[in-house]
Amino acid sequence: MNGTDVYLVTGGAGFIGSAVIRKLVEQTNVSVVNLDKLTYAGNLDSLASVSDSPRYAFEQADICDAEAARSIFAEYQPTAVLHLAAESHVDRSIDSPLGFVQANLVGTFTLLEETRRYWNRLGEAGRKAFRFVHVSTDEVFGSLGETGYFSEETPYRPNSPYSATKAGSDHLVRAWHHTYGLPTIISNCSNNYGPYQFPEKLIPLVLLNALAAKALPVYGTGDNVRDWLYVDDHADALLTMLRDGEPGESYAVGGSNEVTNLEVVRRICTLVDELVPDGRGSSRTELIEFVEDRPGHDQRYAIDPSKIRNELGWCPSESFDTGLRKTVEWYLANPLWCERVRSGAYRGERLGLAATGGGK
């Protein structure tokens, strides 16, 4: 590989990881090694634009496999790790929590240990320059009421199996910095959206269902609030942290776009109606269907991004309106990608029904 530096990106075939890799290959001189297990949500089609680059390499491996990780470190000699590999869907964590414990806790532990083994053998300059950026979520902080914001000082109160395992992985990363000196940085981001997102998540699921004239499921009354962050803005934030962030610190990354789930669905319907009229003059909002709420559904997430803005100079470039339009237009222009990703095991069915009750 002939880049100026080598970054190891775990989970690089996933939604956020692929956005990071595309940005690195297309806009920098860095070489990138993509370590991905290729689970149902991993899709190498999302990296087609950079897969032929001499600065890109793919290694299919599981972060729980210490021997494989050790071999990859030895072969590529990375100068940084961007750790995005994770099981990330709340509803799936309700149905099958063990897989989340394995990937998010055991996997992060294994990667930290192999990173530490490699880092300890670097020279002084290499150790000083090295960074390990761990990508987490605002869901580790629990649920907000009508007011207030998550920040780097917010106590952890995870409420789902997914967020509990991500909280645990954050604590492991922090401990490996304070105990062993590994230069780690933690990112806690709000809900991401944008091109190439697997259609189990709200925005692409609603969009594709609206195009197919299928029901648009909305949990409960649809009044749950999320802070939406365009995925390319998040990728910029992660690279800013890697370049300028302080080891041992965490950074809360949000789009400052608070929208209820019902309003998200309505805005998608409005855009689809505008761009692909159904010919009958009716609105896709007629497809909205309120369904039983998710067990333990957090009411509101919102992030105060002051720290990363003031200390590192990052701020999002997309509003929710501009980012959502770009997202809808991308899905409309890429039906083959959508068809290929939906040809696997997932068909848009309701997940997260294993548990009952527990709603707030």
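Q: Why are H7 and H9 called oblique to each other?
A: In this predicted model, where local features need pLDDT of at least 70 and side-chain atom pairs count only at pLDDT 80 or more, while totals for chains, interfaces and linings use all residues, the axes of helix H7 (residues 202–211) and helix H9 (residues 261–275) come within 10 Å and cross at roughly 40°. Angles under 35 degrees count as roughly parallel, over 145 as roughly antiparallel, 65 to 115 as roughly perpendicular and the rest as oblique, and H7 and H9 are therefore oblique. Residues are numbered from 1 along each chain as its sequence is written, and side-chain values use heavy atoms, with hydrogens and water left out.

Q: Which residues of H7 and H9 meet, and what are their classes?
A: With contact meaning heavy atoms within 4.5 Å, Leu202, Ile203, Val206, Leu207 and Leu211 in H7 meet Asn261, Val264, Val265, Ile268 and Val272 in H9. By class, this contact of H7 with H9 has nine nonpolar, one polar and no charged residues, where Ala, Val, Leu, Ile, Met, Phe, Trp, Tyr, Cys and Pro count as nonpolar, Asp, Glu, Lys and Arg as charged, and the others, Gly among them, as polar.

Q: What makes H4 and H6 roughly parallel to each other?
A: The axes of helix H4 (residues 97–120) and helix H6 (residues 161–180) come within 8 Å and cross at roughly 15°, and H4 and H6 are therefore roughly parallel by the cut-off of under 35 degrees. The contact of H4 with H6 has 13 nonpolar, five polar and three charged residues.

Q: What makes the aromatic pair of Tyr193 and Trp228 edge-to-face?
A: Rings of Phe, Tyr and Trp (its six-membered ring) pair if their centres lie within 6.5 Å, and planes under 30 degrees apart count as stacked, over 60 as edge-to-face and the rest as tilted; by this rule the count comes to 17 aromatic pairs. Tyr193 and Trp228 lie 6.0 Å apart centre to centre with 80° between the planes, and the pair is edge-to-face. The pair links distant parts of the chain, with Tyr193 in strand E7 (residues 191–193) and Trp228 in strand E9 (residues 225–230), 35 residues apart.

Technical notes:
Axes fitted to C-alpha atoms, helices over the stretch in contact; angles between N-to-C directions. Helix = DSSP H or I, 4+ residues; strand = E, 2+ residues; numbered from the N terminus.
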